[in-house]
Amino acid sequence: MMSDATPLPVGERQWRAATTLVWPLALGAAPLLVSLNPVPLCAFRQLTGQPCPLCGGTHACAALVEGNFWAAWQSNPGLMPLLALALVHTMQLAYEAWRGRRVTARWRVSPRWWVGASAFLLCAWAMRLLGLA
């Protein structure tokens, strides 16, 4: 049987609670940013003329807030695994903040998941740069 997870110090518990609140606020701000027509361009695109890996992310988040998953995918498909993983990780942090204990290693979001989602983002970006997507 797996031993119980370790308790969280008060500061870490508060950090997890604060982080849990930031993601929904940031996602909710996306429609407001999109309404600023035109959306401010990213520095990478202004310097190079090419989209960065996150270009289309604001539109994707705005579409997700509206429940339009297809429009979010079209805006930046590489971002979808990262956003899904951020949602899962945020739920983990919220649970840990509420419970006051870390979840056991079996249920933690692994850094390998972040690497995999980031690799997907970079592959989607490369396909966009090559005109394949």
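In the predicted model, R16 counts as buried, at 5% relative accessibility. The side chain of R16 meets that of E12 in a salt bridge, with an N to O distance of 3.1 Å. Both residues belong to helix α1, which spans residues 10-34, and they are 4 residues apart, about one turn of the helix. E12 has a relative accessible area of 27% and is therefore partly exposed, since that value falls between the limits of 20% and 50%. The value for R16 lies under the 20% limit, so R16 is assigned to the buried class.

E12 also forms a salt bridge with R102, in which the closest N and O atoms are 2.8 Å apart. E12 lies in helix α1, whereas R102 lies in the loop between α5 (79-99) and α6 (111-129), so this pair ties together parts that are 90 residues apart in sequence. R102 is partly exposed, with a relative accessible area of 24%.

A further salt bridge joins the side chains of E96 and R108, at 2.4 Å from N to O. This pair links distant parts of the chain, with E96 in helix α5 and R108 in the loop between α5 and α6, 12 residues apart. E96 is buried, its relative accessible area being 0%, while R108 is partly exposed at 27%. Through salt bridges that share partners, E12, R16, E96, R102 and R108 are joined into one network. The salt bridges number 4 by the rule applied.

Helix α5, which carries E96, has 21 residues. From its first C-alpha to its last, α5 reaches 30 Å, close to the 30 Å expected at 1.5 Å a residue. The buried residues in α5 are L79, M80, L82, L85, A86, T90, Q92, L93, E96 and A97. These buried residues pack against α1, α3 (57-65), α4 (69-75) and α6. Just after α5, G100 takes a positive phi of about 80°.

In helix α3, the buried residues are G57, A60, C61, A62 and A63. The elements that cover them include α1, α4 and α5. Just after α3, G67 adopts a positive phi of about 85°.

The loop between α2 (43-48) and α3 contains P51. At 9% relative accessibility, P51 counts as buried, because this value is under 20%. Leaving aside neighbours within four places in sequence, P51 is in contact with F44, R45, W125, R128 and L129. P51 and P111 are 60 residues apart in sequence, and their C-alpha atoms are 26 Å apart in space.

Technical notes: Residues numbered from 1 in each chain as written. Predicted model: local features only at pLDDT ≥ 70, side-chain atom pairs only at ≥ 80, totals over all residues. Heavy atoms only, no water. Helix = DSSP H or I, 4+ residues; strand = E, 2+ residues; numbered from the N terminus. Buried < 20%, exposed > 50% of the residue type's maximum accessible area, 1.4 Å probe, protein only. Expected span 1.5 Å × (residues − 1). Contact = heavy atoms within 4.5 Å.
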